[in-house]
Amino acid sequence: MEGGGTGKDLDRMQETNGSGGNGSLKGIPPCCLKARTSMPESEAKCHATVVSGWFTESRSCSDKAGKVLVVGGGDGGVLREVSRHSSVEVIDICEIDKLVIDVCKEFFPHLSVGFKDPRVRLHVGDAVEYIRNAPEGMYDAIIVDSSDPIGPAQGLVERPFFETIARALKPGGVLCNQAESMWLHTHLIQDMLSICRETFKGSVHYAWTSVPTYPRVPGSS
């Protein structure tokens, strides 16, 4: 087994999980116990069945002021999360559809609260054109929160767009781009990864998460 755990570690934890142990780990599934043995004991901090490292909260690690650009994101949710970081000096957002912003401000105040941050500078228009005209090396991070890559958003998954982003990012800057579902759009993901690896000097990875919604209650229709 990979990691710092051993078979004896797992056996010991399983014994503790059973009736013969002290019961401190009672109810934790075997898969969670196995995951815990793969990390140092000091790091294996569980709450119920959640193993440390599975869910983490992002934190600002530097006091250095930075500039962030959000592409799309007219609901304000990304702005809300970015504004949590005091290290960010300027938050530009370029949204093509002003109606999206207006509607979200009226009906989704818990999301659109991000627009109230004084660091936010709103630009209504085409993000492709906006980034093309941005000064070279202007942004520390660019976050693309776009719709599906069809119609107006088609250009946001093509090579010229990524090349303009690479120009607008500072050395060591970070791009976070909406990349569709790993279950449905593997060809699109492969194409994007290929383009990004040819365009950017740093590492390129595909990140995903499962978001459970509307879980079915047994016996319900």
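Q: Is aspartate 145 buried, partly exposed or exposed?

A: Buried means under 20% relative accessible area, exposed over 50%, and partly exposed in between (1.4 Å probe, protein chains only). Aspartate 145 is partly exposed, with a relative accessible area of 28%. This is a predicted model, in which local features need pLDDT of at least 70, side-chain atom pairs count only at pLDDT 80 or more, and totals for chains, interfaces and linings use all residues. Residues are numbered from 1 along each chain as its sequence is written, and side-chain values use heavy atoms, leaving out hydrogens and water.

Q: Where is aspartate 145 found, and what does aspartate 145 touch?

A: Helices (H or I, at least four residues) and strands (E, at least two) are DSSP runs, numbered from the N terminus. Aspartate 145 belongs to strand S6. Contact means heavy atoms within 4.5 Å. Leaving aside residues up to four places away in sequence, aspartate 145 touches Val71, Gly72, Gly73 and Val78.

Q: Which residues of helix H7 are buried?

A: An α-helix has 3.6 residues a turn, so residues three or four places apart point the same way. In H7 (residues 159-168), the buried ones are Phe161, Phe162, Thr164, Ile165 and Ala168. Seen down the axis of H7, they fall within an arc of 160° (taken from the directions from the helix axis to the C-beta atoms), so they line one face of the helix.

Q: What covers the buried residues of H7?

A: The cover includes helix H6 (127-132), strand S6 (139-145), strand S7 (169-177) and helix H8 (186-199).
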